[in-house]
Amino acid sequence: MFPIVQRRLSAAQRILLGQFIRFGVVGTFGFVVDTSVVYTLRDSLGLYGAGAAAYVVAASANWLLNRVWTFRGRGGGPAHRQWLRFLAANLAGFVLNRGTYGILVSTVALCARQPVFAVAAGSIAGLGLNFVLSRTMVFR
């Protein structure tokens, strides 16, 4: 981390910032997974079906990486319950994410042709809320 940032932040703030940065890195990986699944499935499932399937795959990958890296050592209980809590806690982020995606692919011709733009916009829309909910409800 940058030395000037380290001097100005408390230890708790540095931990929070580190988690947010790692969460963003994991989210970037999730974006790649999400986009790949959309492009792979869009011809067979259509853009909406591909978007729904991609969300589940990407959210599952994000949960796993957040569990082992971003929030390592936080949260407990069986992994399958934590995964379900992660999906449930991120429903609001899902609404922002896929709502943005759905609106864009149905109203913006570029996003219908190249859904990567809609996936990116949806990811950004849900990022902050997903971080807060993940940190406070899943990996506490």
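**Helices, a pocket and a salt bridge**

Biologist: Which helices each supply at least two residues of the lining of the largest pocket?
Modeller: Helices are DSSP runs (H or I, at least four residues), numbered from the N terminus. Two helices reach that mark of at least two lining residues: helix 2 (11–70) and helix 6 (116–138).

Biologist: Before we go on, what kind of model is this?
Modeller: Local features need pLDDT of at least 70, side-chain atom pairs count only at pLDDT 80 or more, and totals for chains, interfaces and linings use all residues, while side-chain values use heavy atoms, without hydrogens and water. Residues are numbered from 1 along each chain as its sequence is written, and the model is predicted.

Biologist: How many residues does helix 2 give to the lining of the largest pocket?
Modeller: Let's stay with that pocket for a moment. Helix 2 contributes the most to its lining, and the count is 13 residues.

Biologist: Which residue forms a salt bridge with Asp34?
Modeller: A salt bridge is a side-chain nitrogen of Lys or Arg within 4 Å of a carboxyl oxygen of Asp or Glu. A search of the whole structure finds one. Its closest N and O atoms are 2.4 Å apart, and the partner of Asp34 is Arg98.

Biologist: How many residues apart in sequence are the parts that this pair ties together?
Modeller: Look at where the two partners sit. Asp34 lies in helix 2 and Arg98 in helix 4 (residues 91–107), so the parts tied together are separated in sequence by 64 residues.

Biologist: Is Asp34 buried or exposed?
Modeller: Buried means under 20% relative accessible area, exposed over 50%, and partly exposed in between (1.4 Å probe, protein chains only). Because Asp34 has 3% relative accessibility, it counts as buried.

Biologist: How far apart in space are Val105 and Phe117, C-alpha to C-alpha?
Modeller: Val105 belongs to helix 4 and, with a relative accessible area of 8%, is buried. Along the sequence, Val105 and Phe117 are twelve residues apart, and in space the separation is 8.9 Å.

Biologist: And what separates the C-alpha atoms of Ala52 and Val138?
Modeller: Ala52 is part of helix 2, and its relative accessible area of 41% makes it partly exposed. Along the chain, Ala52 and Val138 are 86 residues apart, and their C-alpha atoms are separated by 22 Å.
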